[in-house]
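Here's a quick tour of one model, written for someone who likes to know the cut-offs. Have a look at the structure first, then read on.

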Amino acid sequence: MVTSSSVPRLVVAAPSSGSGKTTVATGLMAAFAERGLAVSPHKAGPDYIDPGYHALATGRPGRNLDAFMCGPELVAPLFAHGAAGCDLAVVEGVMGLYDGAAGRGELASTAQVAKLLRAPVVLVVDASSQSRSVAALVHGFASFDPQVRLGGVILNKVGSDRHEAMLREALEEAGTPVLGVLRRAPQVATPSRHLGLVPVAERRADALEAVAALAEQVRAGCDLDALMALARTAPPLACEAWSPGAAAAGAAVSGAAASGAAVSGAAAAGGNGRPVIAVAGGPAFTFSYAEHAELLRAAGAEVVTFDPLRDEALPEGTSGLVIGGGFPEVYAPELSANEPLRAAVAAFAAAGGPVAAECAGLLYLARSLDGKPMCGVLDADARMSERLTLGYREAVAVSDSPLAAAGTRLRGHEFHRTVVEPGAGAAPAWGFTHPERRVEGFVRGGVHASYLHTHWAAQPSVASRFAAAAAAAPPARP
């Protein structure tokens, strides 16, 4: 059934990275939330860190809209799912407005997401080194693709009243509304390191102060009423909202059959018939998409979060283990010191329990990380590297695992400054088909471990298959 989503919405974009998108988007979310509005936060692209700040600003899960990993056809349905019942949705863009997947035209660009959502774009311009030229810059972005509707500009890093007057005069001649002006100021405390901003989970108290400061900065410099009026010009979005229940139901039979478990295998979990899937969280494991837990629950699992830095045992009754992305390299000594949990994870994997590990999870399952002992599930060692590995990947599952049947095709994303040696086991997890051809990751018993970040909404059978494998597995021993 096709429904109509009429949630007012804005896309916050910029000519390039570093212009102030995150400052403006997060500040807008927080400022509108302070007005008592239910604000739905979204991020274009695969970024995990910005959505954490968005969630802090709005009190709702930050959600990603990635046209490469999920396909353009899922962008609007995923948006409608996240924004249901909200008064306003704010979508933070990625990179420059027209930058997308390398060599794929507009695919996965902010511009493509804006068009798929039929949403007006607010362009955040770093005006620190220009005056009248800003009009030429904005004109170029407004006219490059007539299907992208540029609704106005927010000028960032403006130096003085005179500077502001010159910028406003130039943009008035160009016919572009100025919806906000932010002055040059000491940057709000949002520290960065080797992969971007420090996640909220590692600095929650400071992050709360930073978000409050961003809200004040945006509230003082932006015309919130004009921005809300612009958001309301977005026409109804005719699509069926994505549903984890419907997605899981559609994938359940194939997922359970492919894993070798009966569809009714949930009874093997005992108790309430729901297998317990433990998901790593806490400061060291902060990367996850909200839809993953939603799909696992819809597939019949009970999802319980644990913190490998502090918890000395897996959650009671664990029969499936998901260890996603994050920064174990920052916490290697603390993770290594938690010997009871490392032993519990190793014992669970040795008993054949299903384990899905992405990036940080891969490092945690290795023998060592920067010389510190880890779980020892994999015959591999990890270390920090000077080289950043970054980009979209097209992959096919090489080996059968509780996560994916051999031959399953997925699109994903790599983002790390670490190296695992060897890079693949005797039974690799994935074969990359684009942009380069290579095998990567490890499948061993019930373990699937890889650097590749994936979005399960694109392939719900992954979650259903994993939940079925967990239902058929004996729970971890205390």
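## The second largest pocket

The second largest pocket holds about 910 Å³ of space. A pocket here is an open set of points on a 1 Å grid over the protein atoms alone, where a 1.4 Å probe fits and there is protein on both sides within 12 Å along at least five of seven lines; lining residues have an atom within 4 Å of a point. The lining counts 43 residues, and T286, F287, S288, Y289 and A290 are the closest to the centre. Among the elements giving two or more residues to that lining are helix 2 (49-58), helix 10 (290-298) and strand 14 (318-323). Helices (H or I, at least four residues) and strands (E, at least two) are DSSP runs.

By class, the lining splits into 26 nonpolar, 13 polar and four charged residues. Nonpolar means Ala, Val, Leu, Ile, Met, Phe, Trp, Tyr, Cys and Pro, charged means Asp, Glu, Lys and Arg, and the others, Gly among them, are polar.

## What the model is

This is a predicted model, where local features need pLDDT of at least 70 and side-chain atom pairs pLDDT 80 or more, while totals for chains, interfaces and linings use all residues. Numbering starts from 1 along each chain as its sequence is written, and side-chain values use heavy atoms, with hydrogens and water left out.

Seven strands make an open sheet with parallel pairing, in the order 4-3-5-2-6-7-8; two strands pair if DSSP finds at least two bridges between them. Strand 4 (63-65) and strand 8 (178-183) are the edges, each with a single partner strand, so one side of each has no neighbour in the sheet.

Inside it, six bridges link strand 6 (residues 121-126) and strand 7 (residues 150-158), with D126 partnered by N156 in strand 7. Helix 5 (residues 133-144) lies across both strand 6 and strand 7, at about 145 degrees to strand 6. Angles run from 0 to 180 degrees between N-to-C directions.

## Strand 18 and its partners

Strand 18 (residues 381-397) runs parallel to strand 16 (residues 368-369), with two bridges. Its antiparallel pairing with strand 19 (residues 409-421) has 12 bridges, and R383 has V419 as its partner there. Strand 18 also runs antiparallel to strand 20 (residues 430-434), over four bridges, where V396 sits opposite G431.

## A helix crossing

Helix 1 (residues 21-34) and helix 8 (residues 224-231) pack at about 95 degrees, axes 12 Å apart. That makes the two roughly perpendicular, a label covering 65 to 115 degrees. L28, A31 and F32 in helix 1 meet L224, L227 and M228 in helix 8, contact being heavy atoms within 4.5 Å.

Notes:
Grid points are joined across faces, edges and corners, and a volume is the space filled by probe spheres set on the points. Angles under 35 degrees count as roughly parallel, over 145 as roughly antiparallel, 65 to 115 as roughly perpendicular and the rest as oblique.
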